[in-house]
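Hi everyone, thanks for coming.

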Amino acid sequence: MSYFADKSALVADILSRYPGTPQGRRSALMPLLREVQDAEGFVSEPRMAEIAALCGTTATEVRSVMSFYSTYHTLPTGQYHLQVCSTVMCALAGSDELWDELVSQLDVQPGEVSRDGRFSVQKVECLGSCGTAPVIQLNDGGYYERVTQAKCRHLLAELRQGRPPAPDAPVPVMVNSAGRQVTASGEAVGAGTASLRPLTAGGQP
């Protein structure tokens, strides 16, 4: 069944955020992807084709956009999707050893979900927390920083009990109506659009 068949109001709202041109319509691709992934946990081939039709593009282009961002998944993920930063700073701080500990403890590889459906793993590019390497991100939530193998084992033990520990650092995950980034806990961070000021022709405020 089509995901957006009974969501015409939602589609109209998303499309209204962009110019009414073919290029503007294609700009709606990412929020449409996010809508499907939030609901289903990943974006299947039929959903890619459906989104392509809504945006006036091809399923190949949709997949191409998805491939650029580690936040989009083409395969199902577990209840707890653990993402390990694999770039240089985290690697120097021990992320390779951390990764080995993670896949050993869970007996799961990228693209797989553990037998109980609870865990999946992924190596990702820089999470932007080089000073607190190595870093693990849980789902779309916060970061667990300076994760040793012992801390990793503790994290997994808590997740197995259904008690995700509070992250060491929250991650802005959405923008509210005031143009403010909002963390998963609802805390507003950074400046909003109301603080923006136009520049003069000379480039000065």
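The buried residues of α8 pack against β1 (80–85), α7 (95–106), β2 (119–124), β3 (136–138) and β4 (143–144), where contact means heavy atoms within 4.5 Å. Helices (H or I, at least four residues) and strands (E, at least two) are DSSP runs, numbered from the N terminus. A word on the source: this is a predicted model, where local features need pLDDT of at least 70, side-chain atom pairs count only at pLDDT 80 or more, and totals for chains, interfaces and linings use all residues. Residues are numbered from 1 along each chain as its sequence is written, and side-chain values use heavy atoms, leaving out hydrogens and water.

So which residues of α8 are buried? They are Cys152, Leu155, Leu156, Glu158 and Leu159; buried means under 20% relative accessible area, with a 1.4 Å probe and protein chains only. These residues cover an arc of only 160 degrees around the axis, which puts them on the same side of α8; the arc is that of the directions from the helix axis to the C-beta atoms. Just after α8, Gly162 takes a positive phi of about 75 degrees.

Now to the sheet. Its 4 strands are ordered β2-β1-β3-β4, forming an open sheet with mixed pairing; two strands pair if DSSP finds at least two bridges between them. β2 and β4 stand at the edges with a single partner strand each, so one side of each has no neighbour in the sheet. Further in, β1 and β3 run antiparallel, joined by 3 bridges, and Gln83 stands opposite Gln137 in β3.

Methods. Buried means under 20% relative accessible area, exposed over 50%, partly exposed in between (1.4 Å probe, protein chains only).
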